[in-house]
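User: I am new to this structure and would be grateful for a close look at a single part of the assembly, namely the way its chains meet. Please set that part in its wider context as well.

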Amino acid sequence: MTQVPDSRHMTATTATRVLGTVALVAVVLMGLLGLVVSPADVVQGQAVRMLYLHVPSIWIAYGAFVLTSFSSALFLFRSRHRHDGGRHHDRLAGSAAEVGVVFAGVTLVTGMLWGRVTWGTYWQWDARLTTTVLLFVTYLGYLALRRLPADPVIRGRRAAVMALISFVNVPIVHFSVDWWRTLHQKASLSVGRRPEITGEMYWTLLYSTLAVTIVASWLIVHRYRVIRLEELRDEEALEALIASRLREDEAQA
Amino acid sequence: MLREALLVARKDLRVEWRSKVTIGHVAPLALLVLVVFAFAFDANAGLLEFGAGGLYWVAVLFGGTLLIQRAFDVETEDGNFDAFRMSAIGAPSLFLGKSLGVFIQVVFLELILGPGVVLLYNVRIDDWVLLLASALGGTLAFSVCGVLCGVMAAGLRVRATLLPLLLVPVLAPVLLAGSRAFETAFGLRAEAGWTWASLMFVIAAVHTAVGVRAFGFLLEEG
Amino acid sequence: MSEVTTVATGWGLSFVVVATYALWVVGRGKTIGRELGIGGREKLEPESDSSKPADS
């Protein structure tokens, strides 16, 4: 084994256990608030409850992708100044992207169901939905790139550049899709306008955002640790392989 | 830097000229795609004419992806990247050179696809200048994005599937802008053709800047 | 689908997606941790508090 890592930092720590418990409680409370306590909307009826999941999820997805881009930039441009060669940034980028993809998926599912009730169809070529689905696939590609077996530094660089390309592309995608939809279809777009959210609904939405943020942070922290474990395992497997080759050579000699 | 880029592009085109894959394989395949679209739309002349701009760019995407794949296969098969690393050619020049090589090949592809669309889908061209400008912008954007994503998938066992997965989301705005600009050039839409065309030039410029800056990271050894 | 069923489906699906992902992350961490002999059983045990996020 390369080094014996401090087990406390590899799996659960007291801090993350507390964070996990808080996340669980927050989510139960969010369910109560969103599904039971808060009232149905005058215009949208029960469908408004979908937004308590939909809006926080997209916020987390975007936030996570920003974190990925930021960490990737640090990995590319600042790694020489770090004793771990920037691996910390690489892991953070990877775990954030994965969590971002999960929540982008949640956004799409809840958005389509919300659309079914409000617009009458699962899919409208709404600018936001279209941008989100493109973003979702972009980061699926990024994750596919990360999963490839390769030298961790080379793979990290490729992934980081891809993250930067995606980051640059997000405003372009958003702008072009938005422009495409608003240029010709003003009427159909305003049909599905999201309602003004006020009062209890506003507080529920705000609270849900907090709860989902806690859950996402917990997920990112754990995924980060698991990525580190994966790296350790790969290194160990490599060392074992080298050792066994050396033994073979010695036996032959 | 530009001279080195030209060297790289010339090398690529010479390799291409010897194998004639663009003319021999990719162009006929792309034409076939145009025919298959007619199946999809049940040879409905109105629909085909209306969709001609988008179908053109989808066919370019399809054929162009194959060209990019090939442009990197010829490098990795012989370990050329190691040779580049040893030679004095810098990463930015290599990026620009590869992009130029791909660009010229895609232009060839489009010279065959363009008449194909006009003849098969019965399209009338209203605005030649807009048509050529948007074809130029779209092809530039396609080439630089393609080379950026292509080098990322280069040499991997899964490159054939990974490249399109990386490339298509990045190119989505180009496909959108290209389709809209062509519609205007075909006289099917009144407005905004030039704005869509300029958007493609902006995309090309942005990704060229990214590529020039980042290509080095993709070639460096661990 | 009625509004209530749609809302239930949305929350239910989201819950399943996030919970499955959380369990996968924790499970993977445990498996690799055990392979590497890190943490020991008493360290791994408390981590089960993690099978939690999401809800409905």
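Analyst: The account below begins with the contact between two of the chains and then turns to the chains themselves.

The model is a predicted one, and it scores ipTM 0.88 and pTM 0.86.

Where chains A and B meet, 25 residues of chain A are in contact with 23 residues of chain B. On the chain A side, two elements each give two or more residues to this contact: α5 (127-147) and α6 (152-184) of chain A. The greatest share comes from α6(A), which gives 16 residues to the side that touches chain B. By class, the residues on this side of chain A comprise 18 nonpolar, 4 polar and 3 charged.

Chains B and C, by contrast, do not touch, and their nearest C-alpha atoms are 23 Å apart.

Chain A itself contains 8 helices and 0 strands. Of its 253 residues, 45% count as buried. When contacts in chain A between residues at least 6 apart in sequence are considered, 80% of them join residues at least 24 apart.

Within chain B, one pair of helices may be described in detail. Helix α6 (residues 128-153) of chain B packs with helix α8 (residues 193-219) of chain B at an angle of about 25°, and their axes are 8 Å apart. Because this angle falls under 35 degrees, α6(B) is roughly parallel to α8(B). The crossing of α6(B) and α8(B) is left-handed. The contact of these two helices has 19 nonpolar and 7 polar residues, with no charged residues.

The mean pLDDT of chain C is 74, and 64% of its residues reach 70 or more. Over residues 40-56 of chain C, pLDDT stays under 50, and for this stretch the model has 52 contacts beyond four places in sequence.

To return to the part requested, the side of chain A that touches chain B receives the most residues from α6(A), and 18 of the residues on that side are nonpolar.

How values were computed:
Residues numbered from 1 in each chain as written. Chains lettered and ligands numbered in written order. Predicted model: local features only at pLDDT ≥ 70, side-chain atom pairs only at ≥ 80, totals over all residues. Contact = placed C-beta atoms within 7 Å. Helix = DSSP H or I, 4+ residues; strand = E, 2+ residues; numbered from the N terminus. Nonpolar A, V, L, I, M, F, W, Y, C, P; charged D, E, K, R; others polar. Buried ≥ 20, exposed ≤ 12 C-beta atoms within 10 Å, placed from the backbone. pLDDT = per-residue confidence, 0-100. Axes fitted to C-alpha atoms, helices over the stretch in contact; angles between N-to-C directions. Parallel < 35°, antiparallel > 145°, perpendicular 65-115°, else oblique. Left-handed = near helix turned anticlockwise from the far one by under 90°.
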